[in-house]
Amino acid sequence: TYAAGEFYGDNDHIAEINEFRYDAQSRVIKNMYQRLYWVNHKCNLILDNFQPGESDVKDRVIAEARTIRAWLHLMAAIGWYNPPKIDHVLEGTDKPTNCDHVELLSWCAEEAESAAKSGDMDVRKDVNDKNGSVKATEGLAWTVAGKAYMFLGNYEKAKECLKKVIDSGKYALVPGERWHELFHID
């Protein structure tokens, strides 16, 4: 978490994460968990209600939703180890159960890799493509798959996926002197 403010104590709920002062009541952690699953619900609405092959736009949106849903579950697995895998819209009586960590990471990797291979996702034009940097692209899908394989310890498969991103020439690492610009609209 990169917390900033005008003075010490400003944004303290975020700064407590930076300074390892948080506890089980941290609203930042609670909000992150809730928002991961809130966005996951939106992805599931898409995936439960659209079928591949209806149109090119729907196929793209389906692949994007699969990628985003895999990323959300990956973040939940990293942060909470064995959170629930929710891959469909839940009914009011459904009670999700926690998922095995390795099973969840494997699902994330396979889901993202499948979306990347579908050919339905947009591809970023080049390293200067700002529009391509703020939407789910094929490069994001390969990155999610690669990161999931890294957390699984399957380094060869991670290397295979992440090499596709590197070899595309459409992404570059942010130089250290520009890190302060990350997540700013520019």
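Start with Lys147. Its relative accessible area is 36%, so Lys147 counts as partly exposed. Here are the classes: buried is under 20% relative accessible area, exposed is over 50%, and partly exposed is in between, with a 1.4 Å probe and protein chains only. The areas come from the Shrake-Rupley method with that 1.4 Å probe, and for residues only the protein chains shown count as cover.

Some ground rules. This is a predicted model, in which local features need pLDDT of at least 70 and side-chain atom pairs count only at pLDDT 80 or more, while totals for chains, interfaces and linings use all residues. Residues are numbered from 1 along each chain as its sequence is written, and side-chain values use heavy atoms, with hydrogens and water left out.

Back to Lys147. You will find Lys147 in helix H5, residues 138-152. Helices are DSSP runs (H or I, at least four residues), as are strands (E, at least two), numbered from the N terminus. What does Lys147 contact beyond its neighbours within four places in sequence? The partners are Leu74, Met75, Ile78 and Leu162. Contact here means heavy atoms within 4.5 Å. One more distance for Lys147. Leu182 is 35 residues away from Lys147 in sequence, and their C-alpha atoms are 19 Å apart in space.

Pick up Ile78 from that contact list. Ile78 belongs to helix H3, which runs over residues 56-80. With a relative accessible area of 35%, Ile78 is partly exposed. Ile78 is also part of a nonpolar surface patch. Patches take residues with over 30% relative accessible area and no salt bridge; like charges are joined within 9 Å, and nonpolar side chains (Val, Leu, Ile, Met, Phe, Trp, Tyr) within 5 Å.

Now the charges. Side chains of opposite charge can pair when their charged atoms come close. How many salt bridges does a search of the whole structure find? Twelve. A salt bridge needs a side-chain nitrogen of Lys or Arg within 4 Å of a carboxyl oxygen of Asp or Glu.

Look at Glu113. Glu113 sits in helix H4, residues 101-117. Is Glu113 buried or exposed? Glu113 is buried, because its relative accessible area is 6%. Setting aside residues up to four places away in sequence, Glu113 touches Trp142, Ala145, Tyr149, Lys157, Glu160 and Cys161.

Two lysines pair with Glu113. Take Lys117: its side chain meets that of Glu113 in a salt bridge, 3.5 Å from N to O. About one helical turn separates Lys117 and Glu113, because they are four residues apart in helix H4. Lys117 is exposed, at 57% relative accessible area, whereas Glu113 is buried at 6%.

Then Lys157. Lys157 forms a salt bridge with Glu113, and the closest N and O atoms are 2.9 Å apart. Lys157 is partly exposed, with a relative accessible area of 21%.

A network of salt bridges links Glu113, Lys117, Lys157 and Glu160. Glu160 is also among the residues that Glu113 touches.

Another pair: Arg178 and Glu181. Their salt bridge has its closest N and O atoms 3.0 Å apart. Arg178 is partly exposed at 40% relative accessible area. Glu181 is partly exposed too, at 36%.

Last topic: backbone angles. Most residues other than glycine have a negative phi, and most peptide bonds are trans. Phe20 has a positive phi, near 55 degrees. Where is Phe20? Phe20 lies in the loop between helix H1 (12-18) and helix H2 (27-49). At 69% relative accessibility, Phe20 is exposed.

Tyr81 has a positive phi as well, near 65 degrees. Tyr81 is in the loop between H3 and H4. Tyr81 is exposed, with a relative accessible area of 52%.
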